[in-house]
Amino acid sequence: MPVKNNIKEIRKQRGIKQLQLAEELQVTRQTMTAIENNKYNPSLELALKIVKYFELPIDDIFILEEEKS
């Protein structure tokens, strides 16, 4: 099942630049780009840092999509 996320939308709503978020989370901007574009799933540690940074429930940020049969 693919994992999607709302990081880009949440970040933009809050007026946070991608580079700023990457620096706060101690990752590269390229890593944040890949995560926001659903090309890369963050590690559990990074996912938890993202949840803590935005102070939102995990399901508001990450979505486990059901596969169509």
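This report describes selected helices, contacts and loop residues of the structure above.

## Basis of the model

The model is predicted, so that local features need a pLDDT of at least 70 and side-chain atom pairs count only at pLDDT 80 or more, while totals for chains, interfaces and linings use all residues. Residues are numbered from 1 along each chain as its sequence is written, and side-chain values use heavy atoms, with hydrogens and water left out.

Gln18 lies in helix α2, which covers residues 18-25; helices here are DSSP runs of H or I with at least four residues, strands are runs of E with at least two, and both are numbered from the N terminus. Gln18 counts as buried because its relative accessibility is 15%, where buried means under 20% relative accessible area, exposed over 50% and partly exposed in between, with a 1.4 Å probe and protein chains only.

The side chain of Gln18 makes polar contacts with the side chains of Thr33, at 3.1 Å, and of Glu36, at 2.9 Å. A polar contact is a pair of N or O atoms within 3.5 Å, of which, within protein, one must be able to donate a hydrogen and the other to accept it, and residues adjacent in sequence count only if both atoms are side-chain atoms. When neighbours within four places in sequence are left aside, Gln18 is in contact (heavy atoms within 4.5 Å) with Arg11, Arg29, Met32, Thr33 and Glu36.

## The buried face of α3

Helix α3 spans residues 29-36, and Met32, Ile35 and Glu36 are buried in it. Seen down the axis of α3, its buried residues fall within an arc of 95 degrees, so they line one face of the helix; the arc is that of the directions from the helix axis to the C-beta atoms. These buried residues of α3 pack against β1 (3-5), α1 (7-13), α2 and α4 (44-54).

## How α2 meets α4

The axes of α2 and α4 come within 10 Å and cross at roughly 115 degrees, where axes are lines fitted to C-alpha atoms, for helices over the stretch in contact, and angles run from 0 to 180 degrees between N-to-C directions. The contact is made by Gln20, Leu21, Glu24 and Leu25 of α2 together with Leu46, Lys49, Ile50, Tyr53 and Phe54 of α4.

The structure holds 1 aromatic pair. The ring centres of Tyr53 and Phe54 are 5.2 Å apart and their planes stand at 80 degrees, so the pair is edge-to-face; rings of Phe, Tyr and Trp (its six-membered ring) pair if their centres lie within 6.5 Å, and planes under 30 degrees apart count as stacked, over 60 as edge-to-face and the rest as tilted. Tyr53 is partly exposed, at 27% relative accessible area, whereas Phe54 is buried, at 1%.

## Ile10 in α1

Ile10 lies in helix α1 and, at 8% relative accessibility, counts as buried. Ile10 and Ile61 are 51 residues apart in sequence, and their C-alpha atoms are 8.1 Å apart in space. Neighbours within four places in sequence left aside, Ile10 is in contact with Phe54, Leu56, Asp60 and Ile61.

## Two loop residues with positive phi

Most residues other than glycine have a negative phi. Gln26, in the loop between α2 and α3, has a positive phi near 60 degrees and is exposed, with a relative accessible area of 68%. Asn38, in the loop between α3 and α4, has a positive phi near 55 degrees and is partly exposed, with a relative accessible area of 30%.
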